[in-house]
Amino acid sequence: MYEAKEKLCKLINKALGVQERVDPQQRKVALVVEGGAMGAVVSGGMMLWLERMGLNDGFDFVIGASAGALSAPYFVAKQAREGLPIYWEHINNGKFIKNPLGFLLFGRPLFSLEYLVDEVYTKKVPLDFEAVLQSGKFVAVATDVETGGPVALSNFKSAEEIKISIKASACLPVLGGPPVEFRGDRLWDPILSEPIPVVTAKNLGCTDVVVLLSSPVSKFRRNKNKKGTHWTPSKFIKGLLMKKALTSLNSEFPLLARKMFYAGVTRHKMITDEIEKIKESGVRVVLVEPKLRVSMSEKRAVTLQQGAQEGFRAISSVFGVE
């Protein structure tokens, strides 16, 4: 464990161009994993690189948000190699990604978290829940629907608690179903509060944070000039889905509806403003950004595999290892 952390800290110093003696005992390192539904295959590829470099034990915390909380436990359990192919072998189908008409007409969830967690994670590609429990490193971030603020879920007592926590973190407001109840709170995806949980990492006392992004920073910048935007059926359906979700959300949680509407802006602000503030406080932050984005509802195996490869390439480039 000491050797892995020393190696990781040296790579962080190298990525940041910092010249200083590495004392692993004086540093607390967090891995922050962004989600993005099927797009999280990109950050999954990044975790595979870290695992192949033998760096799993170098992290004090592995903090997952949304779909990042679905894949992060495999990294904690040193099963990233087994977990990554789940994207193109088990969930790029109708069992997980539902027909959007089901939501538009009947309000059925777009994604089946029950199938993913209770079937895939438990039977098809069993996650070593005991290893995750013993490590104590895994943290899932969600949004408290009552306050609209982020909640860090940790200190799990059982495999069932881990399952519920990752369902809570990955449950998109309305689109993914009703809030998930965990330890007396009603929770939804952190897209509403902290889509990239760098503040959570700082609050945990981390001195170093490695952030794995699932899509380029520029992806969610709002473009005021939309003259070049072309209409497509997929964009039309996406618009209908979002309109229905926002209308439903606004009827009960108007504050959360506003947060969801500005989710893209929140993400961009988190990457720029919040990370800069954290850096100014003395925390070392390494941002791993891919060059391409994979759609949250992507089903094509070849595209998902390309996304994983892009994540692998992006992180090897950041740390200077080809």
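**Close-up 1. Valine 174, a buried residue in a loop.** Valine 174 is buried, because its relative accessible area is 15% and buried means under 20% relative accessible area, with exposed over 50% and partly exposed in between (1.4 Å probe, protein chains only). The residue is found in the loop between H9 and strand S5 (180-182), where helices (H or I, at least four residues) and strands (E, at least two) are DSSP runs numbered from the N terminus. Phi of valine 174 is near 65°, which is a positive value in a residue other than glycine. This is a predicted model, in which local features need pLDDT of at least 70 and side-chain atom pairs count only at pLDDT 80 or more, while totals for chains, interfaces and linings use all residues. Residues are numbered from 1 along each chain as its sequence is written, and side-chain values use heavy atoms, with hydrogens and water left out.

**Close-up 2. Serine 66, in the loop that leads from strand S2 to helix H3.** Serine 66 is found between strand S2 (61-65) and H3, and its phi is positive, at about 60°, although the residue is not a glycine. With 12% relative accessibility, serine 66 counts as buried. Not counting residues up to four places away in sequence, serine 66 touches Gly35, Gly36, Val141, Ser169, Ala170, Asp189 and Pro190, where contact means heavy atoms within 4.5 Å.

**Close-up 3. Helix H3 and the residue that follows it.** H3 is mostly covered, and ten of its ten residues are buried. These buried residues are Ala67, Gly68, Ala69, Leu70, Ser71, Ala72, Pro73, Tyr74, Phe75 and Val76. Lysine 78, which follows H3, has a positive phi near 60°.

**Close-up 4. The packing of helix H2 with helix H3.** The axes of helix H2 (residues 41-52) and H3 come within 10 Å and cross at roughly 10°; axes are lines fitted to C-alpha atoms, for helices over the stretch in contact, and angles run from 0 to 180 degrees between N-to-C directions. H2 and H3 are therefore roughly parallel to each other, a description that applies to angles under 35 degrees, whereas those over 145 count as roughly antiparallel, 65 to 115 as roughly perpendicular and the rest as oblique. Met47, Leu50 and Glu51 of H2 meet Ser71, Ala72, Tyr74 and Phe75 of H3. By class, this contact of H2 with H3 has five nonpolar, one polar and one charged residues; Ala, Val, Leu, Ile, Met, Phe, Trp, Tyr, Cys and Pro count as nonpolar, Asp, Glu, Lys and Arg as charged, and the others, Gly among them, as polar.

**Close-up 5. The packing of helix H3 with helix H7.** The axes of H3 (residues 67-76) and H7 (residues 113-124) come within 12 Å and cross at roughly 15°, which makes H3 roughly parallel to H7. On the H3 side the contact is made by Leu70, Ser71 and Tyr74, and on the H7 side by Leu113, Leu116, Val117, Val120 and Tyr121. The residues of this contact of H3 with H7 divide into seven nonpolar, one polar and no charged.

**Close-up 6. The buried residues of helix H7 and what covers them.** In H7, the buried residues are Leu113, Tyr115, Leu116, Val117, Val120 and Tyr121. What covers them includes H3, helix H5 (86-89), helix H8 (129-135) and helix H9 (159-170).

**Close-up 7. Serine 193, in the loop between strand S6 and helix H10.** Serine 193 lies in the loop that runs between strand S6 (185-188) and helix H10 (198-203), and with a relative accessible area of 14% serine 193 is buried. Leaving aside its neighbours within four places in sequence, serine 193 is in contact with Ala142, Thr143, Gly148, Gly149, Pro150 and Met270.

**Close-up 8. Leucine 292, in the loop between strand S8 and helix H14.** Leucine 292 lies in the loop between strand S8 (284-288) and helix H14 (301-318), and its relative accessible area of 33% makes leucine 292 partly exposed. Not counting residues up to four places away in sequence, leucine 292 touches Ser214, Ser215, Pro216, Gly307 and Glu310. The C-alpha atoms of leucine 292 and glycine 307, which are 15 residues apart along the chain, are separated by 7.5 Å.
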